[in-house]
Amino acid sequence: MKDATGEDQNMLYGTRAGFKPFRGSPAPGATATAQYSYAVAAEAAKEFRVEVHPGLLFDDAIWSGPVG
């Protein structure tokens, strides 16, 4: 994940903010949800960009937008 200044951000593990990794493979047509937490400086928390690279057989997904 990158913050609004373009800096890569590291995931927080073992926090109360929430960490629920995705594991396994969903069945065809099923959905899966994961939850991750990041600490970002206030001046860099205007917009986030999230990139997901699920592997060679699938297209990458990119989401970016304002916080909140």
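The protein chain follows the pattern β-β-β-β along its sequence, with zero helices and four strands (DSSP runs numbered from the N terminus: helices, H or I, of at least four residues; strands, E, of at least two). The model is predicted, with local features requiring pLDDT of at least 70 and side-chain atom pairs pLDDT 80 or more, while totals for chains, interfaces and linings use all residues. Residues are numbered from 1 along each chain as its sequence is written, and side-chain values use heavy atoms, without hydrogens and water. Of the 68 residues in the chain, 10% are buried (under 20% relative accessible area, with exposed over 50% and partly exposed in between; 1.4 Å probe, protein chains only).

The largest pocket has a volume of about 500 Å³. A pocket is an open set of points on a 1 Å grid over the protein atoms alone, where a 1.4 Å probe fits, with protein on both sides within 12 Å along at least five of seven lines; lining residues have an atom within 4 Å of a point. The volume is the space filled by probe spheres set on the points. The lining comprises 17 residues, with F22, Y36, V52, H53 and P54 nearest the pocket centre. Strand β3 (residues 47-52) supplies the largest share of this lining, four residues.

Y36 lies in the loop between β1 (11-12) and β2 (37-38). Y36 counts as partly exposed because its relative accessibility is 36%.
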